[in-house]
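Reader: I would like to learn how to read a new model. Where do we start?
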Amino acid sequence: MAEYLASIFGTEKDKVNCSFYFKIGACRHGDRCSRIHNKPAFSQTVLLQNLYHNPQISAQPLDGSHREFLNNLSEPEVQEHFDNFYEDVFVELEEKL
């Protein structure tokens, strides 16, 4: 029995532990998930939540009239914004870590 339980741990067949959380560290159901989210004691991954704010999303007016703003940003401009951000963060982390 223990062998069988060990073989299904973290798979879809495991009805106790969340397979999504086991595989990627996040669950699409969040706090409403009926399965257990086993958090590892250590990880090689660093999560920096909400570090990047997409200019197409963060500059939208609250009234929902975002179409005018979206038309002002071209796809290359959005890509350039992200590339500059990524380079800045990468260089900063490389120097400090």
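**Reading the chain**

Author: Start with a marked span and its ends. In this predicted model, the end C-alpha atoms of residues 12-40 lie 19 Å apart. That span is 21% helix and 0% strand.

Reader: Which feature does UniProt place at residues 12-40?

Author: The record, an unreviewed entry, places "domain: C3H1-type" there.

Reader: How many helices and strands does the protein chain have?

Author: Count the elements, then read their order. The protein chain has five helices and zero strands. Along the sequence the pattern is α-α-α-α-α.

Reader: What share of the residues in the protein chain is buried?

Author: Buried here means under 20% relative accessible area. By that cut-off, 12% of the 97 residues in the protein chain are buried. Turn next to the surface. The accessible surface of the chain comes to about 8,700 Å². Carbon and sulfur atoms hold 55% of that area.

Reader: What share of the contacts in the protein chain with a separation of 6 or more joins residues 24 or more positions apart?

Author: Sort contacts by sequence separation. Among those with a separation of 6 or more, 21% link residues 24 or more positions apart.

Reader: Which classes make up the lining of the largest pocket?

Author: Sort the lining residues by class. The lining has six nonpolar, four polar and two charged residues.

Key:
Residues numbered from 1 in each chain as written. Predicted model: local features only at pLDDT ≥ 70, side-chain atom pairs only at ≥ 80, totals over all residues. Heavy atoms only, no water. UniProt positions renumbered as here; feature names shortened; annotations may be inferred. Helix = DSSP H or I, 4+ residues; strand = E, 2+ residues; numbered from the N terminus. Buried < 20%, exposed > 50% of the residue type's maximum accessible area, 1.4 Å probe, protein only. Contact = heavy atoms within 4.5 Å. Areas by Shrake-Rupley, 256 points an atom, 1.4 Å probe, with all protein chains shown as cover. Nonpolar A, V, L, I, M, F, W, Y, C, P; charged D, E, K, R; others polar.
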